[in-house]
Amino acid sequence: MTGPRMNRRRFLTVSACAGALSALPSTLLAGRAYRWQGSAMGGWAEVLLHDSDRAAAARVSALCMAEVARLEREFSLFNPSSALNTLNRTGHLDAPSLDMRRVLATAARVRSLTDGAFDITVQPLWEGRRENWQSADVVVDGGAVRLTRPGAAITLNGIAQGYITDRVTALLRGEGFHNVLVNVGEVRALGPRADGTPWRVDIGGARPLDLADGAVATSRQDSRRAHLFNPRTGEAVAPGRSVSVTAPTAMLADALSTGIAAMESRTALAFSLHGVDIHLHTETPKEES
Amino acid sequence: MTESRGAWLIGDMQMGDRKSLGNTAFSRARQGARGVVAALVFLCAALPAQASDLAAYLDADMLARVFPAADRAGEAEGTPPAAPAYTEGRLIGYVFLTSDVVASAGYSGKPVKLVGAIDLDGKVTGAAVGAHQEPILVLGIPDHKLDLFLAQYAGSDIRDRIRPEHRGGAIDMISGATITSVVFNDSIFRAARLVARSRHILAPVAAGAGAQLDVEGFRELTWKALEANGGLVRMGLSNAEVAAALKARPDANRRADAPFIEMFAGLATPSAVGQNLLGFSRYNTLGEALAKGSHALFVGAHGLYSYRGYQWRKTGVFDRLQLVQGERTIALTKAMHQSLESLAVADAPDLRETSLFVLPPETGFDPLKRWRLELLVAKGDATGIFPLTYELPAAFVIGGEAAQSVEEDRPLWQKRWIDSVFEIVMMLVALTFLLVLLFFHDLVAKSVSGLTTFRIGFLVFTLVFFGWFASAQLSVLNVLTFIGALLGDFHWEFFLLEPLIFILWSFVAVALLFWGRGVFCGWLCPFGALQELINRVSRHFKVPQLTIPFAVNERLWPFKYVVFLGLLALSLGPAELALTFAEVEPFKTAISLKFLRAFPFVLYAGLVLAGSIFVQRVFCRYLCPLGAALAIPAENRMFDWLKRRHACGRECNICASRCPVEAIHPNGRINPHECIYCLDCQAIYNDDHRCPPLIERRKRREERQKRKEERLAAKQQAGEATP
C-alpha cells in the first residue's frame with residue numbers, strides 16, 4: 001500500500017473498454033479507451049474524457065463517485081464523522097455497515113495469516129502516542145464493533161483502499177464492463193485489456209507487472225512521515241523496501257502488502273501464501289511520487 | 001417497404017389525408033375504414049403494455065440498413081418496446097419503431113412509423129422509413145430520397161439536440177419538405193431517447209422539480225406484472241455462485257445449482273405496488289406512516305439462506321442486509337421492520353420470509369433515486385456482498401417527466417417558434433414599417449427620393465433576409481395546401497410549424513382584404529424583389545428596355561390565371577403532377593436553394609430573371625400562379641387609396657407608361673388585379689414636375705410669381721425714374 005498522507009494524491013483510474021472493441025493494437029485502443037479520474041480518501045480528482053464510450057463512462061463514473069464517497073464516509077480518517085472516527089473516538093460503533101464488517105473480518109484474517117504483522121490497531125503509533133502502546137482486539141458482533149482496550153484506535157488505510165477498489169470493480173462488473181483497470185491507491189483488474197493482453201502496471205521495480213485479472217498492491221514506507229509500524233516492537237519500519245503483492249482481490253493484496261512491509265526482512269522473504277504472489281525490492285531512498 | 005397511401009404533401013406545408021380518387025362512395029368508405037383502423041391503432045398504442053409493430057418492418061434487409069453492425073435482432077420487448085440487436089451473440093444496441101415508442105400520432109392523425117436503432121453509446125446507428133401516411137413526399141421527394149435523408153442520422157448522438165437546420169446544420173433537410181423532415185427528426189430523437197433511458201443507455205429521467213412518487217395511482221397488478229414492469233426486482237443466487245464468490249469450496253451436501261437464495265425487493269410506497277402486495281387494509285394502516293414522509297420497502301425471499309439472520313431480535317440490527325443509495329448507507333433496524341404473514345397478491349411465489357421495512361424520513365431515503373439492497377453472506381472469514389439494484393419505473397413517477405424533458409414533450413410547433421425568435425422579431429418589425437407606409441403612403445409619396453430609397457431598401461431586405469436568409473418565400477403550393485386542408489383534414493398545427501410563413505400569410509391575407517395583391521407582390525415577395533432589383537440595375541446601366549404594347553400586355557395576363565387554375569385542378573386530383581407543374585415557380589431554385597440545384601432548374605430561373613433585364617417583372621405579369629391566386633379577389637378589396645385624377649387617361653398616360661407591370665389601362669384606371677402597389681404612380685401623382693395637371697398648376701403659379709416680380713421691378717424702376 002502506498003500509505004496515507006493528508007495531501008496525498010489519490011486518483012481513481014478507470015480504463016474501461018467496453019466489450020465491443022475489436023482486436024486493435026494497444027496504441028489505437030488508447031484512443032478508444034476512456035479514462036476517468038476522480039477522488040478518493042482525501043485526494044484530488046481529475047476527469048479525462050475520450051471518445052465514443054463517453055455516454056456509458058459518464059454514467060458509470062457518476063455511480064463510482066457516489067460509491068467512493070459512500071465508503072469514505074465509512075473509512076476515511078480525514079472525515080470526522082466517518083464510522084471509523086466514531087469508533088476511534090468512542091471505542092465502539094453501533095450497527096456497523098456490512099462494508100465495515102467485511103473489512104474488519106478480512107483484517108482479522110490477514111492478521112492471523114501474517115502472525116500479527118498486519119495490525120490495524122497501530123493508529124496511536126501513527127498519531128505519535130507511542131507510550132505503552134499495545135495491540136488491541138477489535139470485536140465485531142452483529143450489533144456493534146468494540147475496541148477492547150481504552151485509548152485504542154484503528155486505521156484502515158492499509159486495507160480500505162483495496163476494499164474500495166474492489167467495490168468499484170464490482171460496480172463496473174455489474175454495469176456490464178468486462179475490461180477494466182481500477183486504481184484507488186491499489187490496482188485491480190477485471191479481465192485483460194480488450195485485445196486480450198494483460199494490463200501493465202508499474203510497481204516501482206525494474207519491470208512493469210502484467211495483470212490480467214486480480215489485484216496488485218504496493219506498500220512502502222514513507223520516508224517523510226512513517227505510517228508503517230512493526231506491531232511487535234512499536235517502531236516505524238525503515239524505509240527503502242517496497243512490497244508488491246498480487247492477489248485475487250485488492251483488499252487482500254492491500255492488507256497483505258501492508259503486513260509484509262511491516263515484517264522483518266527475514267520473515268518477509270519467507271512468507272508465502274497460496275494464490276498470492278509477492279515481490280520484494282529494495283529501493284534507493286527517493287521522494288514518493 | 002414503404003407505403004404512401006394516397007396522401008401527399010405539397011411543398012412546404014402538409015395537408016391532411018386526401019381523397020385521392022375523387023369523391024366516390026368507395027373512396028369515402030375507404031377513408032372511413034382507414035380512419036377507424038387508425039383510431040384503433042392509436043388507442044392500442046396508448047395502452048401501457050404495447051404490442052409492437054416493429055416485427056412487420058424489421059426484416060434482415062431493414063436491420064442491415066438501420067444497424068449494419070448487427071447480425072441478428074431479437075423480439076421487440078420491454079417498455080417501450082425495442083428489439084435487442086446482437087452481433088455474434090453480444091448485445092450491441094436496440095431497434096425500435098417510432099410509432100411504438102412515441103405514441104403520439106403524426107400530424108396526419110396517423111402514426112409515423114420510422115425504424116430507428118441506437119447503440120449502447122447513445123448513438124443512432126441508422127433510420128429508415130417503415131410506413132407513413134403523412135401527407136408527404138411525392139415526386140419532388142421520392143421515397144428513396146427520404147431514405148437517404150434518414151440515413152444521415154447514423155452517428156448522431158441522441159443527447160445532442162440535432163435539429164434540421166435551414167442554414168447548413170448537422171443534417172440537411174429534404175428540399176421542399178421542411179415540415180416533414182422536422183417531424184421525422186423529432187420522432188426519431190424522442191423515440192431514441194425514451195428507448196435509451198429505459199435501457200439505461202441514458203441516465204434515467206432524474207427527478208426534476210415537481211417530480212413526485214405516484215403514491216395514489218392504483219391499478220390491480222399481479223406479482224408477475226410487478227416483476228415485469230420493474231416494481232419488484234429479483235436476485236437469485238445458486239450454491240455454486242456463492243461458493244465461487246466466497247472462494248470457498250462448495251458444500252458437498254448441497255446441489256450446486258440449487259437456490260442459495262432467491263430474493264425480491266421493491267418500493268412498496270406507491271399503491272400500485274404496496275396495495276397489491278399488502279392488500280387494501282394493511283396498506284391503509286401503513287398510509288399514516290407514509291403520509292409523514294416514510295417509505296416502505298418490501299423484501300421477500302426463499303431458499304437456504306435467510307436474509308434476516310438470527311441476531312436481529314437481540315441486536316436490533318439486520319446484520320445481513322444494508323440499504324445503499326448514492327453516498328448513503330442505511331442500516332435496517334428492528335424498529336423499521338414489520339413481518340408480513342401473507343401477501344395479498346394472487347400469484348406470489350412461495351416465500352420463506354417476507355418483510356416490510358418502513359424507512360423514516362431521517363434516513364434521507366429518496367424514493368425517486370436508484371437504490372440497492374445488499375446481502376451479506378459469510379462463510380468463516382470469507383464474506384461476500386451481493387447487491388440487488390432497484391430503479392423506480394417511470395410508471396410510478398408523476399410530474400417529473402415534464403420537468404426534465406419539457407424540451408422534448410413540448411409540441412413541435414412551439415419548438416419551432418422558439419427556435420425562430422430572431423427571424424420572427426425581424427419579420428414583425430419589417431411588417432410594421434410596411435404597415436406604416438401603407439397607411440401613410442400619400443405622405444411618403446410626396447417625396448420621390450424618400451419613397452425610392454425606402455422601396456429599394458425594403459426590397460433588398462425582403463430578398464436578402466426573408467428570401468435567402470430565412471427562406472420565407474410564399475408559394476402557390478401554400479394556397480393549394482390550404483385549400484386542400486379546408487376540403488379535407490384541417491389542423492392548425494401544420495401551418496404553425498413554419499412560423500415565418502404563418503406570420504407572412506396572416507399579414508398577406510389581411511392585406512389582401514384591405515388593399516389587394518400588391519402588398520405581397522410588390523413588397524414581400526423575395527423573387528419579385530429580385531426581379532425588380534435586377535431591372536433597376538439594368539436601367540441604371542441604360543440597358544434598352546422592351547416596351548410591350550398594352551394590348552399585348554392585356555392579352556398575356558390571363559395566362560397566369562390558367563396556370564393557377566390548372567395547378568388547382570391537379571392538386572385536387574393526382575397530387576404528384578401538381579408538384580411537378582408547380583415548378584413553374586422558380587422560387588425554390590432562386591430563393592430557398594439559392595441556385596444550388598440541378599441545371600435545368602437553374603436554367604429556367606436564370607431565363608426568367610434574364611427576362612427581367614429587359615422587361616420589368618415579366619414573371620409576375622404573365623406567369624406567376626401565386627400572383628394569380630392573390631389577384632382573383634382583387635375587386636373585393638376594401639380600401640381603394642390609390643389616388644387618380646380626372647385627367648388620368650384622358651389627357652395623360654405618364655403613370656401608365658411608368659407602371660412597372662403596366663397595370664394602368666389607357667383610360668387611366670389602375671387594374672387592381674395586376675397592380676403591385678409600388679406607389680410609383682402615387683409619387684407621380686404628387687410630383688409637380690411630372691403630373692401634367694400639377695405641372696400646369698405649377699406653371700401657372702410660377703407664371704403668377706413671375707408677373708408679380710415683373711410688376712414689382714417695374715414699380716421700382718418707375719419709382720427711381722421720378723425725381
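1. Between chain A and chain B, 8 residue pairs are in polar contact, both residues being at pLDDT 80 or more. A polar contact is a pair of N or O atoms within 3.5 Å; within protein, one must be able to donate a hydrogen and the other to accept it, and residues adjacent in sequence count only if both atoms are side-chain atoms.

2. This is a predicted model, in which local features need pLDDT of at least 70 and side-chain atom pairs count only at pLDDT 80 or more, while totals for chains, interfaces and linings use all residues. Residues are numbered from 1 along each chain as its sequence is written, chains are lettered from A in the order in which they are written, and side-chain values use heavy atoms, without hydrogens and water.

3. Chain A brings 28 residues to the contact and chain B brings 29 residues (heavy atoms within 4.5 Å). On the chain A side, 11 residues are nonpolar, 5 polar and 12 charged; Gly counts as polar.

4. The rule finds 3 salt bridges across this interface (a side-chain nitrogen of Lys or Arg within 4 Å of a carboxyl oxygen of Asp or Glu). Glu67(A) forms a salt bridge with Arg372(B), with 2.7 Å between the closest N and O atoms.

5. In chain B, helix 9 (residues 271–278) has 8 of its 8 residues buried, so it is largely enclosed by the rest of the structure. Buried means under 20% relative accessible area (1.4 Å probe, protein chains only); helices are DSSP runs of H or I, at least four residues. Just after this helix, Gly279(B) has a positive phi of about 90 degrees.

Definitions and conventions
Buried < 20%, exposed > 50% of the residue type's maximum accessible area, 1.4 Å probe, protein only. Helix = DSSP H or I, 4+ residues; strand = E, 2+ residues; numbered from the N terminus.
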